[in-house]
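User: I would like to learn how to read strand pairing and backbone angles in a model like this one. Could you take me through some cases, with the general idea before each?

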Amino acid sequence: MNNWIEIAALEDIPRLGSRVVKTDTMNVAVFRTRDDQVFALKDECPHKQGPLSQGIVSGTTVTCPLHNWKIDLDSGCATGPDEGCTNAFRTKVENGKVYLSI
Amino acid sequence: MKEKLVLVGNGMAGVRTLEELLKLDPERYEITVFGAEPWPNYNRIMLSPVLAGEKTVDDIILNDRAWYEENGIALHTGDAVVRIDRAGRKVLTGQGEEVPYDRLLLATGSNPFIIPVPGHDKKGVIGFRDIADVETMLEAAKKYEKAVVIGGGLLGLEAANGLMKNGMDVTVVHLMDILMERQLDAPAANLLKASLEAQGMKFLMETQTSEILGDGRAQGVKFADGSEIEADLVVMAVGIRPNIGLAQAAGIHCERGIVVNDTMQTYDPRIYAVGECVQHRGQTYGLVAPLFEQAKVAANHLAQIGIARYEGSVTSTKLKVTGIDLFSAGEFNEQEGDETLVLQDPGMGSYKKLVVRDNRIKGAVLYGDTIDGTWYFQLLRDGTDISAFRNTILFGQHDLGDAGHGDETRVAALPDDAEICGCNGVCKGEIVDAIVTKGLFTLDDVKAHTKAASSCGSCTGLVESILASTVGEGYDATPSKKPLCGCTEYSHDEIIAGIKEHELKTMDAVRGFFEWKNPDGCAACRPALNYYLLANWPGEYHDDPQSRFINERAHGNIQKDGTYSVVPRLFGGLCTPEQLRAIADVADKYQVPEMKVTGGQRIDLFGVRKEDLPLMWKDLSEAGFVSGHAYGKALRTVKTCAGKNWCRFGTQDSTGLGVRLEELTWGSWMPHKFKLAVSGCPRNCAEATIKDFGVVCVDSGYELHIGGNGGIKVRVTDLLCKVGTEEAVLEYCGAFIQKYREEAHYLERTAPWVERVGFDYVKQAIVDDEAQRKALYERFKYSQQFAQIDPWKAVAEGKDQHEFQPIEITAA
């Protein structure tokens with residue numbers, strides 16, 4: 001099931017940065033890479049629930065601002081040797097608009 | 001099609017190279033490994049504990065067969081390569097295999113040197129090199145009684161100790177008059193000999209072996225003076241010879257070892273070599289730490305990144321005999337003109353000697369108390385000027401751990417449940433366990449796997465000591481040249497110099513010039529480069545918010561629940577009723593759950609939601625406040641005491657001077673946080689002597705102090721000089737800050753920076769060299785034009801709204 005929700009224009013998300021999307025139930029961090037790929041993760045680090053949206057993005061990973069865990073943007077999982085995953089959501093970009101499926 | 005890489009020699013250096021290569025470029029090669037021994041890669045330096053019965057063979061396997069499979073490596077054990085066909089680019093093995101290569105890596109190690117005396121080929125005469133030798137010794141220990149070890153070096157003594165532990169009567173025969181003469185001086189060697197004798201080991205010193213006696217099997221040893229002793233087992237441990245036969249037969253240039261250049265390449269450009277078989281700049285190495293440095297370089301070139309260079313190693317040694325602590329490094333026998341610092345306590349059985357040349361450590365020998373070995377070794381390799389703490393250096397680095405822990409830092413003696421890392425709650429046992437089970441050799445590995453020393457870093461010395469005492473000489477000490485981060489091979493200093501010299505003005509330019517491995521960099525190097533560019537090109541470089549840690553991007557400190565704290569600037573800690581009222585109004589309006597007075601004499605408002613920050617800053621800005629930068633690697637606060645306007649002891653206007661200093665310096669970005677203080681008299685109520693720059697007013701002027709720190713590691717400032725006017729204070733302060741801003745490494749506080757470059761260097765630049773001081777001060781004032789723009793006001797007026805405004809959606 002794909003409930004695509006339009007959330008923003010691609011330009012509204014800074015390159016190598018993110019925006020926080022607030023839903024009724026949680027915060028979702030939406031990231032944009034250098035080459036304009038867009039990824040979405042639940043805005044909670046698997047370690048101590050730090051807000052991943054506030055981390056530094058490089059390549060397709062984000063570094064959590066609280067304790068420097070590196071999370072893969074595609075899978076939502078910590079990169080080795082740390083272990084743990086947060087939820088990853090599907091995104092798409094069409095005509096400069098970013099859509100999110102939760 | 002993938003290129004083919006063949007590794008000859010399945011030992012520590014070769015396999016380490018593969019590991020490094022797989023990290024850099026796992027897909028480049030189809031890899032085949034040949035090992036003459038029947039085992040997968042094991043930790044050769046742990047053979048002594050296996051012999052002594054403290055470890056099993058399984059304990060010391062570093063890469064099991066599953067590891068080779070997982071990485072798609074074809075492993076041939078028990079089959080030695082006998083010929084390299086360089087023209088046909090293939091290797092041939094004893095069992096008749098033929099494997100072609102595009103690149104060949106030689107890691108053939110070394111062979112024990114067997115003295116060619118008559119009888120050396122008898123049964124029961126062996127070297128001490130591999131698991132087979134250990135098995136032979138263990139077998140012999142079951143059947144026989146008497147063993148002779150020829151060679152009183154590191155390996156010989158470890159073998160003798162192991163045999164003794166297995167119940168044999170052991171005599172060590174040594175040609176020289178002191179044991180371990182390549183690592184020890186006479187006093188330390190005598191202490192060692194005495195304690196080994198106390199354990200039952202016997203010694204024949206200055207004794208030359210002339211013949212191994214016996215009928216088929218060794219039964220005794222005869223010496224040059226004609227005397228003889230009984231021996232059922234003879235272990236020759238007189239040295240190793242690089243194993244160069246294969247390379248030599250293939251016509252590759254060899255001297256004592258296979259000759260390689262700084263990229264670990266042999267004279268045949270398709271063939272690389274690492275490890276004990278190698279001769280680099282005339283040196284061969286038999287210890288493991290240098291081999292790992294070589295492995296890193298070889299892997300870098302095999303991955304065709306092509307930027308790493310091996311420049312030789314300084315090595316240190318630790319004897320792995322339980323109950324005996326011994327450490328040596330560098331040139332431990334003094335030469336003419338050297339100075340020797342010695343601390344000797346026969347009662348405690350301890351001996352420490354440092355050889356010092358031009359106030360720099362050249363060598364160290366420690367016996368009994370070796371806890372500071374890693375520290376001395378670091379000072380040696382960094383070439384640190386020790387004049388500032390020379391009078392206490394022999395007593396060790398008492399502040400290894402958190403300030404005030406003193407003797408608690410003697411790690412070897414600590415129980416397993418002793419907490420080492422107070423930030424992350426990691427105990428000694430967990431660290432030792434991770435090192436042993438996961439085969440860790442570097443501080444970075446231990447940090448990644450255990451989280452110890454990965455937060456505030458104050459326990460780094462302790463963790464390094466645990467690493468050193470757990471793996472002995474296998475400890476891969478942080479190389480003296482430390483890359484800025486995992487994205488590059490270049491150090492902070494090289495990158496700072498490159499930015500200036502080649503006028504690199506964007507982050508992409510720096511990463512391109514220095515051949516960064518990741519185009520975006522990482523969370524460690526991005527903030528560093530952003531700072532270096534900002535500091536070097538004020539007014540030209542555009543700050544990159546996405547390369548700043550969130551605190552600096554959001555101009556507030558992120559708290560554990562994701563809210564922020566807000567600290568308005570109160571210049572010099574002074575405030576008015578109106579200002580306090582304005583702060584109180586803001587706190588009410590945004591329902592701030594908690595407020596507190598900070599250590600730097602400011603007011604902190606906690607628990608602010610990120611989206612409220614711009615609104616709050618607008619209100620504060622209208623009341624005349626600017627950001628307090630309590631969140632930044634920046635000028636934090638100027639702390640002051642009452643001063644002569646009120647205090648009966650005050651000698652100068654400390655508050656007024658504090659305000660002037662803060663007005664001069666606020667907004668400045670720094671390598672790390674930077675704190676000032678001004679005390680009105682030597683009672684020093686503002687605690688100026690633990691600040692980055694502190695002023696202590698006296699009746700005749702102002703004493704200027706630098707490089708203090710009241711945090712992780714308390715450090716009292718050094719007195720820079722005394723000046724007569726407030727104007728001079730401002731000039732010296734600005735010049736000192738600018739020197740620090742231009743030259744320190746990112747995330748290096750002034751205290752370690754001053755210790756690294758030397759106080760005299762800083763003093764010379766700021767005090768003695770007036771022209772330099774004035775130029776630094778001018779550059780500081782110039783850069784301040786661009787820095788003193790209040791970030792809060794800018795956001796309140798609409799800058800970077802995307803950073804603060806969430807997108808709200810309601811699920812359909």
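User: Which residue in strand 5 of chain B does Arg83(B) stand opposite?

Analyst: Strands of a sheet pair through backbone hydrogen bonds, either parallel or antiparallel. In this predicted model, Arg83(B) stands opposite Leu92(B) of strand 5 of chain B. Strand 5 covers residues 90-93, and its pairing with strand 4 of chain B runs in the antiparallel sense over 4 bridges.

User: What is the order of the strands in the open sheet of chain B, and which strands stand at the edges?

Analyst: The open sheet has 3 strands in the order 4-5-6, with antiparallel pairing. Strand 4 (81-85) and strand 6 (98-100) of chain B each have a single partner strand and stand at the edges, so one side of each is left without a neighbour in the sheet. On average, neighbouring strands of this sheet are turned by 20° against each other, direction ignored.

User: Turning to the backbone angles, where is Glu206(B) placed, and is it buried or exposed?

Analyst: Glu206(B) is not a glycine, although its phi is positive, at about 45°. This residue lies in the loop between strand 12 (202-204) and strand 13 (209-213) of chain B. Glu206(B) counts as exposed because it has 11 C-beta neighbours inside 10 Å, the cut-off for exposed being 12 or fewer.

User: What is the phi of Asn684(B), and how many other C-beta atoms lie within 10 Å of this residue?

Analyst: Asn684(B), also not a glycine, has a positive phi of about 60°, and its place is the loop between strand 33 (674-679) and strand 34 (693-698) of chain B. With 18 other C-beta atoms within 10 Å, Asn684(B) is partly exposed.

Definitions and conventions:
Residues are numbered from 1 along each chain as its sequence is written. Chains are lettered from A and ligands numbered from 1 in the order in which they are written. This is a predicted model: local features need pLDDT of at least 70, side-chain atom pairs count only at pLDDT 80 or more; totals for chains, interfaces and linings use all residues. Helices (H or I, at least four residues) and strands (E, at least two) are DSSP runs, numbered from the N terminus. A residue is buried if 20 or more other C-beta atoms lie within 10 Å of its own, exposed if 12 or fewer, and partly exposed in between; C-beta atoms are placed from the backbone. Two strands pair if DSSP finds at least two bridges between them. Axes are lines fitted to C-alpha atoms, for helices over the stretch in contact, and angles run from 0 to 180 degrees between N-to-C directions.
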